[in-house]
Amino acid sequence: MTPKRAKIHAAFVLFAIVLAACTPVRPPVDELAAASRALAAARDAGAPQWADQDYRVADEGLRQAQAAMMREQYDEAVAFARIAEADAEFAAASARAAKTRAEVERLQAENDALARTLAQMESRP
C-alpha cells in the first residue's frame, strides 16, 4: 500500500468510525413501555388519589421521555424513561402505604369504639 493510499484508507476508516458514532441508537421502545406499565400500575394502585404529587412527577417524567424520543434524543429518552419508571413504582408504593395507614386508622377507631362499648357493658350492674 502506498503512503498516499494508506492515508486515504486511514481517513476513510476514521470517517466511518465518526459516522457510526453519530448514527442514532435504536429508539428506547422497551424502556418507554416499562415506564408506561409502571405508571399504569401506579394508577391502578390509586396513586392519583393517595399519592398525587408522586404520580404527577412520574407522569411528567414519562412525557419528557416521549418528547425526547420524538426529538430522536434516545439517550435522554432512556434516562427519562428509567427515572419515570422508578418514580411510578414509588408512587404506587406510596399509594399502597397511604391506603394501609388509612385502613389502620379506621380499624383503630373501630377498636376504640368497641372497647368503649365493652367498658360500658362491664360497668353496668
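Let's start with a helix pair. Helix α4 and helix α5, residues 74–123, pack at an angle of about 160 degrees, and their axes are 8 Å apart. Axes here are lines fitted to C-alpha atoms, for helices over the stretch in contact, and angles run from 0 to 180 degrees between N-to-C directions. Helices (H or I, at least four residues) and strands (E, at least two) are DSSP runs, numbered from the N terminus.

A word on the source. This is a predicted model, where local features need pLDDT of at least 70, side-chain atom pairs count only at pLDDT 80 or more, and totals for chains, interfaces and linings use all residues. Residues are numbered from 1 along each chain as its sequence is written, and side-chain values use heavy atoms, with hydrogens and water left out.

Back to the pair. α4 and α5 are therefore roughly antiparallel to each other. The cut-offs: under 35 degrees is roughly parallel, over 145 roughly antiparallel, 65 to 115 roughly perpendicular, and the rest oblique. The crossing of α4 with α5 is left-handed. That term applies if the near helix is turned anticlockwise from the far one by less than a right angle; clockwise is right-handed.

Who touches whom? Contact means heavy atoms within 4.5 Å. On the α4 side, the residues include Tyr-55, Ala-58, Leu-62, Ala-65 and Met-69. On the α5 side, they include Phe-80, Ala-84, Ala-88 and Phe-90. By class, this α4 and α5 contact has 15 nonpolar, 3 polar and 3 charged residues. Ala, Val, Leu, Ile, Met, Phe, Trp, Tyr, Cys and Pro count as nonpolar, Asp, Glu, Lys and Arg as charged, and the others, Gly among them, as polar.

Next, α2 with α4. Helix α2 covers residues 29–44 and helix α4 residues 52–70. Their angle is about 160 degrees, with the axes 10 Å apart. So α2 and α4 are roughly antiparallel to each other. Their crossing is left-handed. In α2, the contact residues include Leu-32, Ala-35 and Leu-39. In α4, they include Tyr-55, Ala-58 and Leu-62.

The crossing of α2 and α5 is left-handed. Among the α2 residues in this contact are Glu-31, Leu-32 and Ala-35. Among those of α5 are Val-78, Ala-81, Arg-82 and Ala-88.

Now two residues. Glu-31 lies in helix α2. Its relative accessibility is 17%, so Glu-31 counts as buried. Buried means under 20% relative accessible area, exposed over 50%, partly exposed in between, with a 1.4 Å probe and protein chains only. Beyond its neighbours within four places in sequence, Glu-31 contacts Arg-26, Val-78, Ala-81 and Arg-82.

Gly-46 sits in the loop between α2 and α3 (47–50). At 16% relative accessibility, Gly-46 is buried. Gly-46 and Ala-95 are 49 residues apart in sequence, yet 5.9 Å apart in space, C-alpha to C-alpha. Outside four places in sequence, Gly-46 touches Ala-51, Ala-95 and Lys-99.

Last, the whole chain. It has 5 helices and 0 strands. Of its 125 residues, 24% count as buried. Among contacts between residues at least 6 apart in sequence, 73% join residues at least 24 apart.
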